[in-house]
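Here is a short walk through one protein model. Keep the sequence and the 3D view side by side as you read.

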Amino acid sequence: MKQKATPLFDALQQFSEMNPISFHVPGHKNGEIFPENVQTYFSSILKLDMTELSGLDDLHSPHGTIAEAQSLAAEYFGADATYFLVGGSTAGNLAMILATCSTNEKVIVQRNSHKSIFNGLELSGARPIFITPEFDNSVDRYTAPNIKTLKGALEQHPDAKAVVLTYPDYFGKTFPIKESIELAHEYNIPVLVDEAHGVHFSIDKAFPQSALDLGADVVIHSAHKMAPAMTMGSFLHFRSRLVSKDKITHYLQLIQSSSPSYPLMASLDIARSFLATMKAEDIDNIMESVAMVRDILEVPELWDILPANDPLKITLQLKDGVSAKGVASLLENQHVYPELVTHNQVLLIHGLAPFENINHLKKAVKRIKEQLKICPNHATIEIDNLFTDIHELTVSYQTLQQRDTLKVPLNKSSGYVAAEAIIPYPPGIPLILKGERITDKHINIIRHLTEQGVEIQHRDKMNGISVLNTKEQIT
Ligand SMILES: Cc1ncc(COP(=O)(O)O)c(C=O)c1O
């Protein structure tokens, strides 16, 4: 079967088996120059850590094994072209935005996007038109964009250069994205989809459909998140008459390293082959295992296990008085590491194979039941109503660049315009964007999240938040 092939990995393996003599970079010389005490961990991978040598092709001008590996990926995922990304979905998100819009051009963007989307917008100097997704009270977070809001945004801004959506969200929640894609296409506007968490959607109907199959123009996959690829290994898939393929290639060349990691690219080749050759029986076994893990995790007095569009995402939603951070810490004490902790949820990701450490997990859950303390009257806080349905930055990226900034402590920042994003991480969705005005509500939410043990990213925690040096209205 053609999809079983792993041309890039095979080329590296064959090259390495020749015992080649290295007079080239990288400086570890096929692993020969490397501290002895860590050799055992690194040696086999360093043998594959090559550079653009004869027969190993060049990511920035592929015509051999990398081209072949990318074509196999395109064929499997149903793209016209697939590009290997060595800088994560971050690189893909930046490239797809830079390729579709430039200074002052409008882009319709789901407000609860990952920070890499906003970084792309800032680099392009575009004018984001934000669509506020629905707030789902049952999970206490913003989730999917509403088709009516998108329609409103398209009617008000038919000159937008792209619509940028995220599908699924971190928790595996999807929405009827086909409607959104078709609507945007009626305006001849391309749809760019950050599908970082959905590389496995092409496997089988056990999973939601990929946005690529549903007509999206550019789709980004973090292969490393849900498939067996090395960290940072990702894909950009292209299938569009509205986006310039040349521009995608151009911006990928600008963004990606001139020395892309070969083990990483080979892991993309292997991950694609792994996904493409999964059998119905493998999927059945995984689904059985998911059901079993969910069963083990069943502790109705402490949390609910939420239903999910993506069965691999297992979300524990804590009951009132149960601390998510507390649950995560107890799990970690038993060497069970969840993916993500928010103020009210703990997310666990099941792999693409049956789970094997059943007794270990059972013991960890038992310990939690014995040790977790419930504090019934813990504080809660409203985190919805942060935005109007369709809105823009208070201050454009261009103006932000020209203005002086200062640092203010978080509790004194209300009324200022943020000159940096404030980001609960993970999931990496900015609570305050660079260019948005900070309000008392933001400050209360950040304080609350911090108290709940949620990590907040901003540049300089010691000296406070970077803001524009005036609270005046800036046009
Ligand atoms: C929705 C979403 N998009 C993009 C990214 C960035 O992906 P990567 O880490 O592969 O750069 C993430 C990372 O968590 C994400 O959650």
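Helices (H or I, at least four residues) and strands (E, at least two) are DSSP runs, numbered from the N terminus. This is a predicted model, in which local features need pLDDT of at least 70, side-chain atom pairs count only at pLDDT 80 or more, and totals for chains, interfaces and linings use all residues. Residues are numbered from 1 along each chain as its sequence is written, and side-chain values use heavy atoms, with hydrogens and water left out.

Start with a loop. Aspartate 57 sits between α2 and α3 (65-77). Its phi is near 65°, a positive value in a residue other than glycine. Is aspartate 57 buried or exposed? Aspartate 57 is buried, because its relative accessible area is 7%; buried means under 20%, exposed over 50%, and partly exposed in between (1.4 Å probe, protein chains only). Asparagine 188 also has a positive phi without being glycine, near 60°. The loop between α7 and β7 (191-194) holds asparagine 188. This residue is partly exposed, because its relative accessibility is 47%.

Two other loops carry cis peptide bonds. Proline 26 lies between α1 (7-17) and α2. The other bond runs from tyrosine 167 to proline 168, with omega near -5°. Proline 168 belongs to the loop between β6 (162-166) and α7 (177-186).

Now look at the ligand.

A polar backbone atom of serine 89 is 2.8 Å from a ligand oxygen. The side chain of aspartate 194 places an N or O atom 2.5 Å from a ligand nitrogen. For histidine 197, a side-chain N or O atom is 2.7 Å from a ligand oxygen. Alone, the ligand exposes 390 Å², and the protein buries 89% of that. Accessible areas come from the Shrake-Rupley method with a 1.4 Å probe; for residues, only the protein chains shown count as cover.

Next, find strand β1 (residues 81-85), which contains threonine 82. Threonine 82 is buried, because its relative accessible area is 4%. Its side chain makes a 2.8 Å polar contact with the side chain of histidine 237. A polar atom of that threonine 82 side chain also lies 3.4 Å from the backbone nitrogen of alanine 74.

Finish with helix α15 (residues 440-451), where histidine 442 is placed. Histidine 442 is buried, because its relative accessible area is 5%. A polar atom of its side chain lies 3.0 Å from the backbone nitrogen of threonine 439. The unreviewed UniProt entry annotates residues 395-450 as "domain: Orn/Lys/Arg decarboxylase C-terminal". UniProt positions are given in the numbering used here, feature names are shortened, and annotations may be inferred rather than shown by experiment. The span 395-450 is 30% helix and 11% strand, and its end C-alpha atoms lie 27 Å apart.

Conventions. A polar contact is a pair of N or O atoms within 3.5 Å; within protein, one must be able to donate a hydrogen and the other to accept it, and residues adjacent in sequence count only if both atoms are side-chain atoms.
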